Amino acid sequence: MSRVLIFSGTTEGRMLSNTLAAANIDNDVCVATEYGKITADETSCVNLISKRLDRDEMISLIRENSYDLIVDATHPFAMLVTENIKDAAVETKTEYIRLKRDLNTDSLEYDINYFDTNEECAKALNDSTGNILLTTGSKELKTYIEEISDKDRVYVRVLPGTESLGICEENNISGKHIIAMQGPFSVELNSAIIKQFDIKNLVTKMSGRAGGYEEKLIAAKENKAKIFAIKSDVNDLGTSYDEVVKQVFERFEVMPETSFDITLAGIGMGNTANSTLEVKERIDKADIILGAKRLIAPYEAKLEKREYYLKDQIIPYIRELKERYSHLMHIRIVVLLSGDCGFYSGCTKLYAALKEMRGVGIGKIDILPGISSISYLSSKIGQTYDDALIFSMHGIDVKNLSKKIRTNKKIFTLTSGLSDLKNIAEAAMGLQVRITAGCNFSYDNESIETYLPEEIKKIDKEALYTCFIYNEEPERLPLFSGISDGEFTRAKVPMTKEEIRTLSVSKLHLYDGAVVYDIGSGSGSVSVQIASVSDEISVYAIEQKEEAYGLTIENAEKFGLENIKCIKAKAPEGFNNLPAPTHAFIGGSSGNLKEILDKLHEMNPKVRVVLNAISLETISEIKDVVSSYELINDEIVQLQVSRAKRIGNYNLMQAENPVWICAFEFK
């Protein structure tokens with residue numbers, strides 16, 4: 001039976017064994033210690049051999065099992081072991097591949113003290129000051145302990161196996177100076193160890209990315225610890241991990257199906273300290289990391305990282321990965337997103353697009369939450385947001401901003417930048433309002449300041465501000481939708497009276513997101529009443545007469561309703577280029593009722609229509625026109641209102657004209 005022998009004990013060796021096993025390629029994994037066996041994964045395709053072998057024992061093992069291929073995935077510094085494996089392969093005439101660890105760190109800038117040997121490094125450390133962390137392994141401990149005069153300065157990080165701990169004991173290293181853990185380690189854990197033990201000098205081998213080398217360098221740099229690195233002599237030897245997998249698959253004629261597990265991770269404010277432990281763990285294990293430049297900067301991926309965060313960037317990229325890494329069975333992708341994935345995040349569209357992808361092997365798609373800038377600002381200023389209005393202005397056209405500020409005590413909002421902040425200030429002028437604006441959360445240049453609206457005019461710093469708006473005396477809106485006739489600006493233009501207007505709007509059966517045509521808007525009283533129901537309703541007031549058109553604009557501005565758009569045109573010609581209506585109120589048709597209804601039906605056969613009529617001629621016209629359609633949910637109400645008029649000591653009722661209200665939907 002075809003079988004591969006992997007000399008392992010490294011991260012790459014474990015990865016290779018698991019990849020081959022997933023492709024049903026049998027492999028024996030040889031590790032030098034019992035602890036190496038514990039950390040490996042034994043399956044039906046994987047047999048673990050836990051024993052330190054010399055050259056002759058390797059030859060015997062290879063001959064006994066007749067391996068088709070030998071892969072040397074031992075540590076770059078285990079040069080003697082590599083020479084023995086090579087000799088054994090030659091002696092047994094077995095194909096040999098050396099798996100090269102990626103030691104490249106050219107993309108990072110560090111002040112590193114390089115040494116050719118551990119002896120040279122130990123001598124240099126003896127001239128240093130401050131505590132020392134040795135991460136070079138247990139076998140080199142004796143060299144350092146013998147050379148460094150002040151042993152209390154030395155802390156060692158070794159594998160939690162009996163062999164490593166025994167070497168520590170032999171060199172008289174006390175328990176409180178031993179950190180026994182299995183690596184590789186994240187930047188955060190390295191940093192925590194450096195801080196805990198007040199490390200000023202970190203000693204490491206140039207063990208490559210898979211060995212956690214860069215994570216040590218980043219943590220040391222962040223904590224201003226000096227870096228002492230032992231050079232490797234095997235930088236340019238062997239074959240890359242991807243190429244090794246490809247060669248093995250080709251040899252065994254395996255065509256793997258690459259699958260992608262994708263994590264959409266809310267990274268919080270950007271500072272790594274704000275991420276959840278679960279997010280950090282996914283990043284540590286990621287093969288590929290995607291996101292905005294500032295978010296991905298602190299991290300390194302096993303394969304690659306890209307400055308991609310938009311759906312239109314990521315979807316084609318994943319399809320490209322399918323071709324480029326076709327020899328890999330499983331790829332873990334982490335997309336880093338600012339703030340919280342569930343709060344005005346690009347995560348929503350990206351998640352939907354990923355769910356729709358076909359033919360690329362998408363496996364699990366996980367969403368991990370982060371800390372939103374709203375919750376961060378809330379905690380910083382001691383203001384809760386459970387009783388606040390929350391919305392985003394970031395790339396969003398927010399309707400009725402002044403009304404929102406005028407009628408809410410507490411508002412939290414995201415902005416697109418300085419222009420949005422100034423728009424907030426403009427909308428808050430004349431009100432008893434304080435605006436707290438924060439930016440660069442979690443970074444050294446974080447800023448959180450509170451201003452009066454007029455003070456914001458002086459701000460010239462461009463930033464993505466998160467704002468808290470506090471209105472000491474918010475205006476109380478009535479719970480019913482009625483607006484008194486006296487509140488409107490009046491002229492000689494006819495106006496639908498309050499009682500008729502209120503009932504007519506009620507008969508429209510409005511909902512959030514409705515698109516409403518007010519046809520023959522007159523003074524604009526109906527448009528204002530509809531737009532006041534919800535900021536999420538869009539009203540198109542269509543009026544052909546100049547005076548009435550101007551009056552509609554004036555009343556819309558008076559009530560601060562930005563969700564009314566006034567159109568000077570005759571209906572139905574004025575409907576051109578407008579979104580299809582969900583509702584229509586017809587207060588005046590100028591004799592074009594049939595044409596108007598035909599056009600409404602054409603634009604949306606399910607539109608809800610309400611008509612008002614006073615004259616018998618209009619009522620007759622409605623009857624004739626409506627009879628040509630099949631209607632549902634239709635109703636006709638005749639309403640007459642009488643108002644009290646005071647004459648002397650008496651209130652005499654004075655009748656208004658009766659009004660017919662006709663409401664229906666096309667079937």
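# Cores, helix packing and local backbone features

The largest nonpolar core of this predicted model has 42 residues, and Leu 16, Ile 333 and Leu 354 are those with the most contacts inside it. Leaving aside residues up to four places away in sequence, Ile 333 touches Phe 260, Asp 261, Ile 262, Thr 263, Ile 288, Leu 290, Ile 318 and Leu 321. As background, nonpolar side chains tend to be buried together in soluble globular proteins.

## Helix pairs

| Helix pair | Angle between axes | Axis distance |
|---|---|---|
| H1 (residues 11-22) and H10 (residues 241-251) | roughly 30° | within 11 Å |
| H8 (residues 187-196) and H9 (residues 213-222) | about 45° | 8 Å |
| H18 (residues 498-507) and H19 (residues 525-533) | about 50° | 10 Å |

Leu 16, one of the residues with the most contacts inside the largest core, also takes part in the contact of H1 with H10. Because angles under 35 degrees count as roughly parallel, H1 and H10 are roughly parallel to each other. Their crossing is right-handed. From H1, the residues Glu 12, Met 15, Leu 16, Thr 19 and Leu 20 meet Tyr 241, Val 244, Val 245, Val 248 and Phe 249 of H10. By class, this contact of H1 with H10 consists of eight nonpolar residues, one polar and one charged. An α-helix has 3.6 residues a turn, so residues three or four places apart point the same way.

H8 and H9, by contrast in class of angle, are oblique to each other. The crossing of H8 and H9 is right-handed. On the H8 side the contact is made by Val 187, Asn 190, Ser 191 and Ile 194, and on the H9 side by Glu 215, Lys 216, Ile 218, Ala 219, Ala 220 and Glu 222. The residues of the contact of H8 with H9 comprise five nonpolar, two polar and three charged.

H18 and H19 are likewise oblique to each other, and the crossing of H18 and H19 is right-handed. Arg 501, Thr 502 and Val 505 of H18 meet Ser 525, Val 526, Gln 529, Ile 530 and Val 533 of H19. In the contact of H18 with H19, four residues are nonpolar, three polar and one charged.

## Helix H17

Helix H17 spans residues 418-428, and its buried residues are Leu 418, Asp 420, Leu 421, Ile 424, Ala 425, Ala 427 and Ala 428. The elements against which the buried residues of H17 pack are helix H16 (401-407) and the strands E18 (410-414), E19 (433-439) and E21 (466-471). After H17 comes Gly 430, which has a positive phi, near 85°.

## Local backbone features

Most residues other than glycine have a negative phi, and most peptide bonds are trans. Lys 93, a residue other than glycine, has a positive phi near 55°. Lys 93 lies in the loop between helix H4 (79-92) and strand E5 (95-98), and with 77% relative accessibility Lys 93 counts as exposed. Asn 172 also has a positive phi, near 55°. The loop that holds Asn 172 runs between helix H7 (162-170) and strand E9 (178-180). With a relative accessible area of 72%, Asn 172 is exposed.

The peptide bond that joins Ala 571 and Pro 572 is cis, with omega about 5°.

Is Asn 604 buried or exposed? Asn 604 counts as buried, because its relative accessibility is 17%. Asn 604 sits in the loop between helix H21 (593-603) and strand E26 (608-613).

Ser 50 belongs to strand E3 (residues 46-50) and, at 25% relative accessibility, counts as partly exposed. The C-alpha atoms of Ser 50 and Val 31 are 5.1 Å apart in space, although the two residues are 19 residues apart in sequence.

Notes:
Residues numbered from 1 in each chain as written. Predicted model: local features only at pLDDT ≥ 70, side-chain atom pairs only at ≥ 80, totals over all residues. Heavy atoms only, no water. Buried < 20%, exposed > 50% of the residue type's maximum accessible area, 1.4 Å probe, protein only. Helix = DSSP H or I, 4+ residues; strand = E, 2+ residues; numbered from the N terminus. Contact = heavy atoms within 4.5 Å. Axes fitted to C-alpha atoms, helices over the stretch in contact; angles between N-to-C directions. Parallel < 35°, antiparallel > 145°, perpendicular 65-115°, else oblique. Left-handed = near helix turned anticlockwise from the far one by under 90°. Nonpolar A, V, L, I, M, F, W, Y, C, P; charged D, E, K, R; others polar. Core = buried A, V, L, I, M, F, W, Y, C linked by side-chain atoms within 4.5 Å.
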